[in-house]
Amino acid sequence: ESIARADPELLPETPEELARRVSEERDRLEDPSFDEWDGDHIAVERIITRGRTSASEKPVIRIEARSTKFSVTNVCTHAWEDFYRDRSRLFPMDHPQFREGVPGMLNAVGLNATVVTSDGFLVLTRRNARMSSGRGGRHISVNEGMQPSDVLGGSLDPAVGLVRGIDEELGISDVESSLVRFHSAIFDLDRYQFGLLGHVDLSGTDTSWQRVTERRLTGIAKDKVEARRLERIPWNPDA
């Protein structure tokens, strides 16, 4: 229903074809041999900018969101990638729907953050070659998709989602959401996804590099299959 409201000029395929591909992807993900599953994601219905606050000059962004599934995210992302990379067509980037969110096409909110341990190391991950994206690549500390359950006080809260990602990917379960600092809101044009970039400084806590690696070795990080291994570099400009 959402995709049917989009300008056809901005769709990689017809709504009917996208729906057919989503159905096939759902069936594929039901196969127990896959590491992936059709989990819950957050879809962005609309992005509204409201200028800046008068006191701090900080930009104001309002996000209207709803629930979606990984199957929808996967299909729409890959369809968009092929569509956007076709340089033979003139892409209407000034189209209002493109800037505010093509209905039905913004099917993920990516939460990405650097995490620095209490003893001053930036955590890096090596992506598992079996994953559907970023195979074998070096990632920043946490790369997580926001879920409908990431709620605080009755509202969606990306800091809650990032803390969940730190728990699932690194096995660190006692990070407070107050330690999360988001510094950038971005559009990933290649994948047509909305993202928030942040930083988590664990200085003053007992979460050292050794503790992170120990928890991973003992199997506490339940999503550790996504990353082949962890690496570290000193958190300073020269490194």
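## Tyr-192 and its loop

Let's start at Tyr-192, which sits in the loop that links β9 (180-188) to β10 (193-201). This is a predicted model, and here the backbone does something worth a look. Most residues other than glycine have a negative phi. Tyr-192, however, has a phi near 50°, a positive value in a residue other than glycine.

Is Tyr-192 buried or exposed? Its relative accessible area is 0%, so Tyr-192 is buried.

## Where two helices cross

Next, turn to helix α1 (residues 15-29) and helix α2 (residues 70-84), whose axes come within 9 Å and cross at roughly 125°. Because of that angle, α1 is oblique to α2. The crossing of these two helices, α1 and α2, is right-handed.

Which residues bring the pair together? On the α1 side they are Leu-18, Arg-21, Val-22, Glu-25, Arg-26, Arg-28 and Leu-29. They meet Phe-70, Ser-71, Val-72, Asn-74, Val-75, His-78 and Ala-79 in α2.

Ser-2 has a relative accessibility of 13%, and because buried means under 20%, Ser-2 counts as buried.

What does Ser-2 touch, once its neighbours within four places in sequence are left aside? Ser-2 is in contact with Glu-45, Arg-66, Pro-103 and Gly-104. With Glu-45 there is also a polar contact, made between the two side chains at 3.4 Å.

Notes: Residues numbered from 1 in each chain as written. Predicted model: local features only at pLDDT ≥ 70, side-chain atom pairs only at ≥ 80, totals over all residues. Heavy atoms only, no water. Axes fitted to C-alpha atoms, helices over the stretch in contact; angles between N-to-C directions. Helix = DSSP H or I, 4+ residues; strand = E, 2+ residues; numbered from the N terminus. Parallel < 35°, antiparallel > 145°, perpendicular 65-115°, else oblique. Left-handed = near helix turned anticlockwise from the far one by under 90°. Contact = heavy atoms within 4.5 Å. Buried < 20%, exposed > 50% of the residue type's maximum accessible area, 1.4 Å probe, protein only. Polar contact = N/O pair within 3.5 Å; in protein donor to acceptor, adjacent residues only side chain to side chain.
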